[in-house]
Amino acid sequence: MNDVVVLNKKESIALIQIQNPPVNALSHAVRQGLMEAVRESLEDPAIKVLAITGSGKFFSAGADIQEFGKPSLEPQLPQICNAIESCSKPVFALINGTALGGGFELALSAHFRVATASAKIGLPEIHLGLLPGSGGTQRLPRIIGADKALKMMLNGQPVSAGEGLAYGVIDRVEESGELITASMNFMLETTAGKHPRIPTRERTEGLQDEAANHVAIGEHRNTWQKKGKGLYSPFQIIDCVEKALSTPFEEGLKYERESFARCLESPQRKGLIHAFFAERRCRKIPELREIEPRKLERLAVIGGGTMGGGIAVAALDAGLEVMMVERDEAGLEKGRLNVEKVYDRHISKGRMGPEDKKEVLERFIPSTDFERITDADMVIEAVFEEMEVKKEVFRILDQYARQGAVLASNTSYLDIDEIASVTSRPEEVLGLHFFSPANIMKLLEIVVPSGLSNEVLATGFALGNRMGKVPVRSANSEGFIGNRILGAYSKVAGYMMEDGTSPYRIDEAVRDFGYPIGPFQMFDLAGGDIGWANRKRKATTRDPRERYVEIADRLCERGWFGQKTGRGFYLYEEGSRIGIEDPEVLDIIAGERSTKGIRAREYSPEEIIRRYIGAMVNEAAKVLEEKVARCPSDIDVVQHYGYGFPRYRGGPMKYADMYGIRKIVEDIEEFSVEDPFFWKPSELLKTMAAQGQTFEDLNL
Ligand code: 3H9
């Protein structure tokens with residue numbers, strides 16, 4: 001045995017406990033320990049029953065994700081599951097906590113499953129581009145049928161022990177007490193032959209209703225053909241479950257093994273596992289080591305607009321007391337409505353009752369009086385995106401906020417140092433860039449101006465974590481990480497449009513790459529007026545060598561600001577948020593092109609992506625070079641959670657690694673022949689290409 005699997009004998013029971021914190025992942029050492037414990041228990045004539053359990057809050061979170069992509073070492077998990085299932089002595093899985101993926105498959109191969117009421121079981125492999133590869137796709141449908149099995153595998157969300165009991169995959173739920181003690185009688189009863197030991201592979205309850213199983217396969221496949229475009233593992237999962245219904249167990253297992261190996265090799269698995277670790281890495285900021293965040297119970301939000309309302313809801317949902325301050329009653333009323341409409345929608349969708357809304361709103365205090373913020377632990381300003389307006393608010397905050405309160409500006413571009421400079425406590429001021437709608441979007445850029453106190457930074461991260469956001473640290477630099485990079489690839493989208501490729505074809509290519517919407521749909525959604533105001537502001541300082549596309553300005557001059565005006569790059573029929581192609585827009589583009597004497601040129605989808613992602617990666621490399629982002633994977637997190645970059649591609653930096661850094665540089669050099677001002681490869685990219693480095697090498 002080893003120290004990650006402990007074998008204790010109690011009466012005639014062998015208690016095999018996994019002790020591999022933090023989550024009892026089934027690493028090679030755990031697998032070795034399990035195999036040995038099972039063998040020893042089988043050989044010991046005094047042992048009549050085997051019980052496998054976990055420790056802490058986890059039974060086991062499944063295979064050790066760190067091991068994927070490395071040579072696989074024996075014993076492999078499927079071998080262990082088979083060994084457990086074929087044990088001549090009854091084997092119990094005592095599910096003391098969360099059992100996920102391979103952890104749940106381990107339990108599925110036992111003959112009996114007892115869980116504590118708080119335990120959760122699930123098969124989340126789909127989120128990693130994988131499928132349950134230790135017999136899960138073959139064993140689970142045999143117990144609960146194709147539909148429920150596919151639901152568990154395809155949505156990847158864990159279910160409670162109670163639901164597992166209702167499904168029939170958990171045999172008993174122990175409401176309270178210590179699981180081993182509580183299960184003792186049940187386990188000993190098997191030695192008296194009271195409960196038959198049936199290997200899961202021989203169970204057939206789930207296979208009885210062949211027609212229903214057949215329908216379920218068809219329905220899930222249809223659904224995923226619509227929603228899972230471009231994805232690989234969901235279809236492999238459905239195929240495996242279909243096999244479970246129609247072939248002998250061993251054959252199904254072999255099929256699952258081959259499918260698992262294909263998923264493991266797929267770029268999607270690499271992208272998704274990269275994303276898994278990236279969103280954990282972004283929280284590990286060295287400055288925060290051993291720093292305690294400040295107390296955070298009361299939050300004040302200044303401004304009741306769309307952003308202020310969203311932030312207030314996110315804070316209320318996180319259990320905070322929230323004050324909302326507006327300058328007059330009309331503004332406040334709007335703010336109150338912005339908050340209430342979120343909860344009214346929850347009620348109309350049956351997600352909460354009117355009583356729940358009332359309870360939440362008891363913690364919501366709208367006011368027009370700045371004095372109300374004096375007992376706030378943190379104040380977030382969310383007023384108009386204009387430096388002078390923000391400064392004015394911060395002067396007032398400085399006057400009213402208590403000493404020790406954290407002051408934050410929700411801005412997407414502006415200089416936090418400049419905002420902080422109007423206060424007497426610049427070290428307490430940070431940027432919190434929420435994304436709209438702030439109660440839904442998970443990204444939170446935490447912007448660090450010079451001299452910021454680490455305690456204040458820690459409090460920003462604590463707020464993000466408490467709100468369930470993914471917080472990413474950014475230096476204080478225009479556009480921070482996300483909007484700065486967005487600026488670069490938005491420009492390229494405009495260039496390609498002016499060059500002769502329809503915005504609708506560009507959007508289509510970007511969607512086919514995996515984005516939920518293309519850049520022109522995004523401009524329409526965000527509102528063309530905002531970008532227009534920005535462009536006008538920068539007009540005087542724009543470098544004359546920079547190519548400037550005026551098409552968006554032509555649309556704005558007509559009052560076509562996108563969805564909110566019913567017209568932008570697309571036409572929106574009354575009340576519809578789905579745009580249709582607009583021939584007049586194409587005429588405007590053609591007019592602009594001919595004014596500039598540009599010969600129309602149709603880019604292929606592949607060419608569109610080369611340019612779009614090339615611009616994105618190049619700007620991202622500059623963001624890294626300038627230390628605006630801490631490491632490449634932080635950029636991947638920002639692009640995924642804030643801008644819709646497909647998670648299964650890992651993020652632009654991971655994508656660049658897989659595409660090839662040298663190829664990215666070659667692409668940029670090829671494009672620079674047409675426009676050397678825009679297409680300048682970053683120094684970092686050039687060095688990396690020369691030295692054969694990847695962005696992964698630069699991750700911290
Ligand atoms: C599988 O099982 C395949 C099989 O079907 C077939 C095999 C042949 N491995 O998230 P947290 C680390 S595929 C290694 O912050 P929480 C994590 O990186 C697997 N490490 O905590 C972090 O490390 P650090 C199917 C893992 O309480 C630490 O644990 N299973 C694994 O918020 C704490 O994690 C899954 O997909 C792992 N499997 O959430 C489960 N899991 O401290 C994936 C976690 O260094 N995991 N770590 O940053 C999760 O969903 C969440 O981590 C979990 C805990 C819910 C378990």
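**First stop: a salt-bridge network**

Select R610: at 15% relative accessibility, this residue counts as buried (buried is under 20% relative accessible area, exposed over 50%, partly exposed in between, with a 1.4 Å probe and protein chains only). The model is predicted: local features need pLDDT of at least 70, side-chain atom pairs count only at pLDDT 80 or more, and totals for chains, interfaces and linings use all residues. Residues are numbered from 1 along each chain as its sequence is written, and side-chain values use heavy atoms, without hydrogens and water.

Helices here are DSSP runs (H or I, at least four residues), numbered from the N terminus. E670 is partly exposed, at 41%.

Now select R611 and E607. Their side chains meet in a salt bridge, 2.9 Å from N to O. Both sit in helix 23 (residues 605-625), 4 residues apart, or about one helical turn. R611 is buried at 3%, and E607 is buried at 14%.

Salt bridges link them in a network.

**Next: another salt bridge**

Which residue pairs with K596? Select E498: the closest N and O atoms of this salt bridge are 2.9 Å apart. K596 is partly exposed at 35%, while E498 is buried at 1%. The whole structure has 58 salt bridges.

**Last stop: aromatic rings**

The whole structure holds 22 aromatic pairs. Rings of Phe, Tyr and Trp (its six-membered ring) pair if their centres lie within 6.5 Å; planes under 30 degrees apart count as stacked, over 60 as edge-to-face and the rest as tilted.

Select F513 and F645. Their centres are 5.7 Å apart and their planes at 80 degrees, so the pair is edge-to-face. F645 is buried at 1%.

Finish with the cluster: ring pairs link Y489, F513, Y515, Y612, F645, Y655 and Y659.

Notes: A salt bridge is a side-chain nitrogen of Lys or Arg within 4 Å of a carboxyl oxygen of Asp or Glu. Helices (H or I, at least four residues) and strands (E, at least two) are DSSP runs, numbered from the N terminus.
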